[in-house]
Amino acid sequence: MQNPTLPQSPADLFFRRRFSFNPCNTLRLPLGEMSLARDWLHTDGRGDPYPELVRDGDVREEISGGCYRAAGKGCVARLIGRFFPYATYELTVDSLDEDCAVGFSFRTQDKEVRLLLTRCGESFALRREGDAAELLASDIPAEPGLRLQVTWQVRIAFITLIGRERRQLSPLHIPAFADMDCEDIFSAATAALLAAPCGGSLSVREVTFCLDGGVCHADPRPIRYEDGTPLMENGRLFITWSTRSGSGGFQSVVSWTPGLCDFRMEGAIFFDYGDGRWHNDVATSLIYDRRQKKWLLWACAFHGGHYLMHAEFDGDPRFGLQLIDAERMPTQSGIPGDGRLSDDTLWLGKAGDEDPDLLYDQAEGRWYMSICRVSRVEGHDTYRYFIFSSEEPFASYRFEAMVEDVGVTGGSLLFFGGKKHLVYGRRFDARAEYACVCLEDPAHPRRLSCDYDDGGFRGWGTVIPVPCGKRTRWVWLTFDRDLGCKEDNWSYGNLYVYDA
């Protein structure tokens, strides 16, 4: 019995929705905590896990029942751990008497920001102190178990109060922390629990800090080998996606068991362009080249010009906190950050370049690279895909083709039916349109088909061949553009999983 005719393009497949998902604030990389199972206040000189940074007045402290308690009059600050400019700090308030305050102190060598919950009658208020004095919120229900959550994006703090209802405050801008992404500054900064009883007492628990997986997620792409085969270990795919934290975010690495709603945060990647800063750039194409035993990376350098950057390295970037030394794409003028380009078919950095992807064709001995580039079409600027090829992954590329479609995003290069294809989202003015082209015929895009679309626009064409016994399951992972924070246009989206 002969096999039926095999599909020759992703457009020949029919994708069915398996599930949609938003792991809002549930995926986490733990960075530290204040352990409250034992009384570390009294170690008889044998340890000091949370040393005093500040003590003023007569404050009596106690640890019991998994809680930290403070009473008296004055304040005490105890070190939780080193400050990290993209971390989330969280505590749970068990009790807080009238006029007492508890929260966090974030301090550099010469600057301090305090974020404190205080009791005012039947409600709580949140105040900023230290570098400035400001009432941030009032009339917060004084319910036991209220969680104070502070997520940092360098100089912006996103504050969430979580009780019976979830209350997201407006982003808090801290100009004094503008350089907090410089390693020599934040590595010397501290995060502390600050307790300020005022003749009464207070009690907190679950004092932790972590890298929070975000309120929304976008830009998913599998980590692959050079030929586009997805990298899998113990049945799990590894994926990079953009973690969105209201405004900003960072490059997450997650693992996923295909077929299950089972995602696990494994790591986070940041970039240094030689300026000593930890940049939170995203939209990564991450390749492990088995021939060279090297990791290869392309991503969008939103910092310093909004064009592309690359890196080559040995260490496995999938786990824990990773800092990658990267190099921005050369520009036509030779001036870093100057993204002017006289001809869109030149392989040089252009302002607005996004969503790069990389694929090696072993038969040709060439790398193929796709760049989503702003191009002038019929008098209007729009995104269009340009395809380049080279014998090396980071230089000497020549122009190969331009995709006819415009208004595109999130293209993924893959082999399908023995030929190279690009799958992408398209059109600002249409609901959930996805298309693909064979690189041999880029002028004739074909639409992807599914049963229930994502309802958004310009998602990503992340189609992944997943081994399944002797078969190949084609999985499609994309997202919508539903905002997690209505004040920021890039705080999307929800995840969608299809297979064919």
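How many bridges join E23 to strand E24 (residues 307-313)? The model examined here is predicted: local features need pLDDT of at least 70 and side-chain atom pairs count only at pLDDT 80 or more, whereas totals for chains, interfaces and linings use all residues. Residues are numbered from 1 along each chain as its sequence is written, and side-chain values use heavy atoms, with hydrogens and water left out.

The two strands, E23 and E24, run antiparallel and are joined by 7 bridges. Strands (E, at least two residues) are DSSP runs, numbered from the N terminus, and two strands pair if DSSP finds at least two bridges between them. Leu297 has Ala311 in E24 as its bridge partner. The hairpin of E23 and E24 has 5 residues between the strands, and in this hairpin Gly304 takes a positive phi near 85°. E23 is also joined to strand E22 (residues 285-289), by 5 bridges, and this pair runs antiparallel. Here Ser285 has Trp298 of E23 as its bridge partner. In the hairpin of E22 and E23, with 4 residues between the strands, Lys293 takes a positive phi near 55°. Of the 8 residues of strand E23 (residues 294-301), 7 are buried, so the strand is largely enclosed by the rest of the structure. Buried means under 20% relative accessible area, exposed over 50%, and partly exposed in between (1.4 Å probe, protein chains only).

Side chains of opposite charge can pair when their charged atoms come close. With a salt bridge defined as a side-chain nitrogen of Lys or Arg within 4 Å of a carboxyl oxygen of Asp or Glu, the count comes to 46 salt bridges. One of them joins the side chains of Arg446 and Asp12 (2.8 Å, N to O). Arg446 lies in strand E34 (residues 446-447) and Asp12 in the segment before strand E1 (14-21), so the pair ties together parts that are 434 residues apart in sequence. Arg446 is partly exposed, at 39% relative accessibility, and Asp12 is partly exposed at 37%. A salt bridge also links Asp381 and Arg376 (3.1 Å, N to O), and both of these residues are exposed.

Salt bridges that share partners join Asp405, Arg426, Arg427, Asp429, Glu433 and Arg447 into one network. Within this group, Glu433 is placed in strand E33 (residues 433-438) and is buried, with a relative accessible area of 8%.
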